[in-house]
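I opened my notebook to go through one structure step by step. I start with a single residue and then turn to the whole chain.

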Amino acid sequence: MDIDRGGGRGLRAGLEETLREAIRSGRLVAGTRLPPSRALARDLGISRGTVVQAYGQLVAEGWLSGQRGSGTVVARTAAPGSSGGERREAMPTRWRFDMRPGRPDPSSFPRGEWLRALKQAFAIAPDDAFGYGSPQGRLELRTELASYLARARGLRVTAGDLLVTTGFTQSLVLMARTLAATGVRRVAVEAQSMALHREILRAAGHELVAIGVDADGARTHELESIDAGAVLLTPNRQHPTGATLSAARRLQLLRWARSRGAIVIEDDYDGEFRYDGRPIGPLQGLDPGVVAYGGTTSKTLAPGVRLGWLAVPGDLREAVMAEKRRADWHAGALDQLAFAELLRTNKYDGHVRRMRLHYQRRRDAVLAAVHPGLRVLGGAAGLNLLIPLEDPLQEAAILSAARLEGLGLGGLIADGFCEPPDSAGVIVGYAAAPRHAFDRAVETLASVLGRQ
Ligand SMILES: Cc1ncc(COP(=O)(O)O)c(C=O)c1O
């Protein structure tokens, strides 16, 4: 093996890239055992520490897997076409430093607690948990969730009001279809919002109208002149600007919804993480009759878990459940029971509390590292910061400089947050990097931003 020693990147980076390229090209196939670090270091005439660090980095990125005592091997999922020529899916981009928005720290997933909860779920699951169940979800989970949501988020719900989904994405699909079936045609969305959410609403046949967003959150008074049957909002922390919907706008919004018979879809995607100021209660707690509230485990646990919930006004409940049955009948019963166990034993509350501190420290580290000349929004809560920029070219330049360093960031234009793309900005997701990579991710971010 010849390591690329050039480019001033250092031996370790050269060795990492050589190995990545060998795996990418199929020269090193899945399952290949790599030489022990000592032997490879001797062969290449470099220090053993350099090899150990390079192996460690590639294990973290998923190219290699390492097990104590059995050496380091090329990971099963790493190489395209590596198991005998059949076509494989393209590998997703792997960032050396992941600071993309909306992703929690994967290295902090409570594996032990989840495993214990799952074991307990298997041990106590009644036989009916292995059959088809209610589209509404397991009563065990809805009971625990109703109590958690009342004590931690100030919701006004009972187990009967809740529907278990596979995340907010599905909650929105179900609401979009239900509203379309009840005759709603026009839905208002925030001018800066997730492209996927707009796509879901349009796919259900809705026409979208954007309302503006400022430092007090969505400009809900604009709804008065729009003939919309529903509005999708992120009131706790506007995504992606980070603004909180003001108290006056909350009251005006609910008055509007009551008087029009309209539905407010409340996306409480990261309401658990507020660092400064008092926690803000959801709209649902003010008027459960007009608010369809969606929550998720995607930020508190991990998006891969695929568990969320929807509290729906009573008159829509049957229709939403019918949509859920048509979509996939119900969420996986054993995961529901495991999550119920995590809630029942207060392990979920404890995890959320620990993660809140963890992310607050990370937010402070990023704020300290960002050049004081840059304006930063949205630090009081959530998992992202927004650096608004005047010039779309500047957004593109920062994202491309970051990409060259292996640093993944979000962009208002690049990620399609606005239609038309008239606001630029870089979004820094400070939760996404695993613990071992965070400090270097922040250094890389500071250096990329400092060069602009
Ligand atoms: C604004 C917003 N809402 C909701 C979600 C969560 O969706 P899900 O629960 O389907 O993972 C995300 C995740 O990125 C988000 O950014």
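Predicted model: local features only at pLDDT ≥ 70, side-chain atom pairs only at ≥ 80, totals over all residues.

**Entry 1: Ser108**

Next I asked where Ser108 lies. I found Ser108 in the loop that runs between strand 3 (97-98) and helix 4 (111-124).

Which side chains make polar contacts with the side chain of Ser108? I noted the side chain of Asp105, at 2.6 Å. I also noted the side chain of Arg435, joined to that of Ser108 by a polar contact of 2.9 Å.

I then set aside the neighbours within four places in sequence and listed what Ser108 is in contact with: His351, Met355, His358 and Arg435.

**Entry 2: the whole protein**

I counted 13 helices and 16 strands. Buried residues make up 53% of the 452 residues.

I checked the radius of gyration. A compact globule with 452 residues would have a value near 22 Å, and the protein has 24 Å, which agrees. Along the principal axes, the C-alpha atoms fill a box of roughly 75 × 60 × 40 Å.

For contacts between residues at least 6 apart in sequence, I wrote down that 72% join residues at least 24 apart.

The accessible surface comes to about 20200 Å², and 52% of that belongs to carbon and sulfur atoms.

Last, I looked at charge. The protein has 59 positive and 49 negative side chains, and the centres of the two sets lie 5 Å apart.

How values were computed: Residues numbered from 1 in each chain as written. Heavy atoms only, no water. Helix = DSSP H or I, 4+ residues; strand = E, 2+ residues; numbered from the N terminus. Polar contact = N/O pair within 3.5 Å; in protein donor to acceptor, adjacent residues only side chain to side chain. Contact = heavy atoms within 4.5 Å. Rg over C-alpha atoms; globule rule 2.2 N^0.38 Å. Buried < 20%, exposed > 50% of the residue type's maximum accessible area, 1.4 Å probe, protein only. Areas by Shrake-Rupley, 256 points an atom, 1.4 Å probe, with all protein chains shown as cover. Lys, Arg positive; Asp, Glu negative; His and termini not counted. Charge placed at Lys NZ, Arg CZ, Asp CG, Glu CD.
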